[in-house]
Amino acid sequence: MKTTVGSLRIVVLGEKKVGKSAITVRYLTKRYIGEYSSGSDFEYTTVVNIGDEPVKLEILDTSDSQDGLTESTLRRYQADAFIVVYSIADVSAAVAVQTELEKIHRGRQSPRSAVTILGNKLDLEHFRQVEADDFRPLAQKYQCRHVEISAAEDFSSVCSVFEGLLSDAFEAQKQRSKNVKRRRSILGNMSRKLGNMFKRKSLEDLLLKRRLSPSRQSARRSL
């Protein structure tokens, strides 16, 4: 088994009863379980392949939206990627998407964090209360994807959402790593140049002291 080359963390956000847990478990196990009842966040850990690279993946399935800056709520917005879920058959859940996007924007660790707005329950199309076009301005403002799926009916679409998000997050992580290495290289080069300058200066000072030392001057006069 290959050693993992890194780790990624996805946080799944959204109101109650929009299908956050169903989407998460569907991706991890391919099984669909329609009913969940929990007042706690759940964290899952697995290993996925992104390209040919094995990567440790953590998924935080949040219970519902929370107010206040507690330790648990702050941890929600410390991730490489986010999925903000709403139900296409629930206006209030759709309205809450903007609130979550604002929290992500304020709290995330990196401006490169990948975000997907995910409309769930396409199987309830006949009860639709919000349109896909309603989210276009938000997707443009926060530079994120917007997708609609049915976790109940289609595993492949759920899988595609996670794979696309993981790919974006992994590329962003690699870019951040390159930037850090580049900065370290620049600082290292500057440090070496300064070190060489000080060494040359010290050598020049030493030679000058030797030329000006009284013993050398006396020796020259005696000759």
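Q: Where is Phe127 placed?
A: Phe127 sits in the loop between β5 and α4. Helices (H or I, at least four residues) and strands (E, at least two) are DSSP runs, numbered from the N terminus. The model is predicted: local features need pLDDT of at least 70, side-chain atom pairs count only at pLDDT 80 or more, and totals for chains, interfaces and linings use all residues. Residues are numbered from 1 along each chain as its sequence is written, and side-chain values use heavy atoms, with hydrogens and water left out.

Q: Why does Phe127 count as exposed?
A: Its relative accessibility is 51%. Exposed means over 50% relative accessible area, buried under 20%, and partly exposed in between (1.4 Å probe, protein chains only). Phe127 therefore counts as exposed.

Q: Why is Arg128 called buried?
A: Arg128 has a relative accessible area of 18%, so the residue is buried.

Q: Which residues is Phe127 in contact with, leaving aside its neighbours within four places in sequence?
A: Phe127 is in contact with Ile88 and Ala89, where contact means heavy atoms within 4.5 Å. Phe127 and Ile88 are 39 residues apart in sequence, and their C-alpha atoms are 7.9 Å apart in space.

Q: Which residues is Arg128 in contact with, on that basis?
A: Neighbours within four places in sequence aside, Arg128 is in contact with Ile88, Ala89, Leu122 and Glu148.

Q: What makes helix α1 largely enclosed by the rest of the structure?
A: Helix α1 covers residues 20–29, and eight of its ten residues are buried, so the helix is largely enclosed. Among the buried residues are Lys20, Ile23 and Tyr27.
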